[in-house]
Amino acid sequence: MPDTIFVAAPEGTTWPLSGQDVERLLEARFPGVRIWHRYAPVSRSGYLDFEITVDGEPRHGSYVDHRHLILRDAEPGFWADDIAWFLGLLPPGTYAVAMVESNPDETRSIPAAATAQHIADLLDGLANDC
């Protein structure tokens, strides 16, 4: 079942990627990606909403500047390669944490240099623990 996935910098840290950086990288990875620039006045932060089409199905995501990546509309394992790609853009040794919407009370660390399979297993574990 589709679940929303949250991948974030650990509390008290940020990532070096701005929304503009991520926009450029998404355009290179997903030709035809649609991107909208947004601003959240409550958190005073800019973010991107984006849409890609895979096998005729729209998939959506968001990136909050320097903070977190949100991915929707697919099984957690669907996004594992893209999460590994994204984390590979960060400086070596950078950690991240993950959470799925269906299990908001549990987060898990994603080790630096995690493989797509490791990420898929971690996300499946989060989704199945609820």
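The structure is a predicted model, in which local features need pLDDT of at least 70 and side-chain atom pairs count only at pLDDT 80 or more, whereas totals for chains, interfaces and linings use all residues. Residues are numbered from 1 along each chain as its sequence is written, and side-chain values use heavy atoms, with hydrogens and water left out.

Aromatic contacts were examined through the rings of Phe, Tyr and Trp (for Trp, the six-membered ring), which pair if their centres lie within 6.5 Å; planes under 30 degrees apart count as stacked, over 60 as edge-to-face and the rest as tilted. Four aromatic pairs are found under this rule. In one of them, the ring centres of Trp15 and Phe86 are 5.3 Å apart and the planes stand at 65°, so the pair is edge-to-face. Helices (H or I, at least four residues) and strands (E, at least two) are DSSP runs numbered from the N terminus. Trp15 belongs to the loop between strand E1 (3-8) and helix H1 (19-29), while Phe86 belongs to helix H2 (residues 80-88), so this pair ties together parts that are 71 residues apart in sequence. Trp15 and Phe86 are both buried, where buried means under 20% relative accessible area, exposed over 50% and partly exposed in between (1.4 Å probe, protein chains only).

The rings of Phe30 and Trp85 have centres 6.4 Å apart and planes at 75°, so this pair is also edge-to-face. Phe30 is located in the loop between H1 and strand E2 (34-40) and Trp85 in helix H2, so the pair ties together parts that are 55 residues apart in sequence. Phe30 has a relative accessibility of 16% and therefore counts as buried, whereas Trp85, at 23%, counts as partly exposed. Ring pairs also link Trp15, Tyr63 and Phe86 into a cluster. A further ring, that of Phe78, has the charged end of Arg59 sitting over it, 4.8 Å from the ring centre; the criterion is that NZ of Lys or CZ of Arg is within 6 Å of the ring centre and within 35 degrees of the ring normal.

Grid points are joined across faces, edges and corners, and a volume is the space filled by probe spheres set on the points. One cavity of 30 Å³ or more is present, and the largest cavity holds about 60 Å³ of space. Its lining includes Phe30, Trp85 and Phe86, together with Leu26, Phe50 and Asp82. Strand E5 (68-74) and H2 each supply at least two residues of this lining, and the largest share, four residues, comes from H2. By class, nine lining residues are nonpolar, none is polar and one is charged; Ala, Val, Leu, Ile, Met, Phe, Trp, Tyr, Cys and Pro count as nonpolar, Asp, Glu, Lys and Arg as charged, and the others, Gly among them, as polar.

The largest pocket has a volume of about 160 Å³. It is lined by 16 residues, of which Leu87, Gly88, Thr94, Ala112 and Ala113 are the closest to its centre. H2 gives the largest share of the pocket lining, three residues. This lining comprises 13 nonpolar, three polar and no charged residues.

In helix H1, Gly19, Val22, Glu23, Leu25 and Leu26 are buried. The elements covering these buried residues include E2, strand E3 (45-54), strand E4 (57-64) and H2.

Strand E1 contains Thr4, which is buried at a relative accessible area of 11%. With neighbours within four places in sequence left aside, Thr4 is in contact (heavy atoms within 4.5 Å) with residues including Ile70, Leu71, Met99 and Val100. Phe6 also lies in strand E1 and is partly exposed, with a relative accessible area of 25%. The C-alpha atoms of Phe6 and Glu101 are separated by 7.7 Å, although the residues are 95 apart along the chain.

Positive phi values in residues other than glycine occur at His66, near 65°, and at Asp73, near 70°. His66 lies in the loop between E4 and E5, and Asp73 in strand E5. His66 is partly exposed, with a relative accessible area of 30%, and Asp73, at 31%, likewise counts as partly exposed.

How values were computed. 1 Å grid on protein atoms, 1.4 Å probe; cavity = no way out; pocket = protein on both sides within 12 Å on 5 of 7 lines; lining within 4 Å.
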